[in-house]
Amino acid sequence: MAGSHSDPLAHPEVRQGSAVRYIAGFISTVVLMGAALVVTMRHGLDYQSLVEVVGGLAALALLSQAALFYGLDISRAQIWKGVSLILTVPLFIITVGLTVWMFQSLDQRTMVMPASNAAASQPTLLQ
Amino acid sequence: MAHDTAPTANTRLFRPGYEGHNQISARTLGFWLYMLSDALLFTALFAAYAVLDTPMNAAGGPIASQIVNPVEGFWQTIAILGSVTSYSLATVAMKNGNRGGTALGIVAAIALAVVFLAFGVNDLTTLAAHGDGMDRSGYLSAYFVLILTHAIHMGIGILWMLVMLVQIPRYGFNEMVVARMLNLRMFWQFQATVWVCVYVYVYMIGA
């Protein structure tokens, strides 16, 4: 087993670094965000579709970062990072999802907005 | 694993130098777990932003579409991703034992991070100068806190890089320096991940 007196540069965490992977991570994220920017600036989609398309592109960007930047895979050196991330993702979804759901429900049941204000509003996740 | 002695109050969870432990593995996994909890901090801020991003909470002040500029945000995206790639390439130079290349990558990463922060600070100070500071409305409070929390993380990353620029020539690539370089790589890549979420959610969906 690699002890603490072995060459630190021989550690798998160091060896996994790869210039090609990092540059690919840069290019893939920039391209995906560029595509999302084009979709946003065209203003051709309704709010719901914009959230879905841009959110989907963001999800792809995050996946490419997980694989290309962080180097997550199922090797022995990396498996626990992937497992802990997968176990944490539901917490992200629950935190944002439940909060929005609760306040959306509260908003619909309690807030009666005057017509003049409603006309000036913009769509948000809550409405 | 067999233990010769029962654990006592003085038993250490982790003993540096013990052959059966690998310091770098333990430290990178520990730091990764810290980052997941840091991600939950941002998740809470996103949840608050989602709730406060309504015309009612703008309290007569500006709403998202009036203060965000997706094109400018794209330049910020390129700057931060360039910084992350530059630092990551510095760790590839470290892998090859190249101290000069490592330092060069870190310096370039700092420069691009400063460009990124200059855009953000300019946005926030311009808003505040027009009376739309973080105390103007609930919406602006959520906006400022989200952007500033990320900016503070970036500032800490820059400070950390400056420390590494001193430690690499001083100590060389010993176990301690390598472990810090690897943790900083995760931390720095994490800033780009958070920014992708901020950019898409605040700058694009809000536009």
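1. A quick term before we start: a residue is buried under 20% relative accessible area, exposed over 50%, and partly exposed in between (1.4 Å probe, protein chains only). L106(A) has 44% relative accessibility, so it counts as partly exposed. You'll find L106(A) in helix α4 (residues 79-110) of chain A; helices are DSSP runs (H or I, at least four residues), numbered from the N terminus.

2. Keep in mind that this is a predicted model, where local features need pLDDT of at least 70 and side-chain atom pairs count only at pLDDT 80 or more, while totals for chains, interfaces and linings use all residues. Residues are numbered from 1 along each chain as its sequence is written, chains are lettered from A, and side-chain values use heavy atoms, with hydrogens and water left out.

3. Now for the aromatic rings. Rings of Phe, Tyr and Trp (its six-membered ring) pair if their centres lie within 6.5 Å, with planes under 30 degrees apart called stacked, over 60 edge-to-face and the rest tilted. That rule gives 16 aromatic pairs over all chains. One of them is F46(B) with Y201(B), a tilted pair at 5.9 Å centre to centre and 45° between the planes. F46(B) sits in helix α1 (residues 23-52) of chain B and Y201(B) in helix α7 (residues 175-204) of chain B, so the pair ties together parts 155 residues apart in sequence.

4. How buried are these two? F46(B) counts as buried, at 10% relative accessibility, and Y201(B) is buried too, at 14%. Both belong to a cluster linked by ring pairs, together with Y49(B), Y139(B), Y143(B) and F144(B).

Terms used:
Helices (H or I, at least four residues) and strands (E, at least two) are DSSP runs, numbered from the N terminus.
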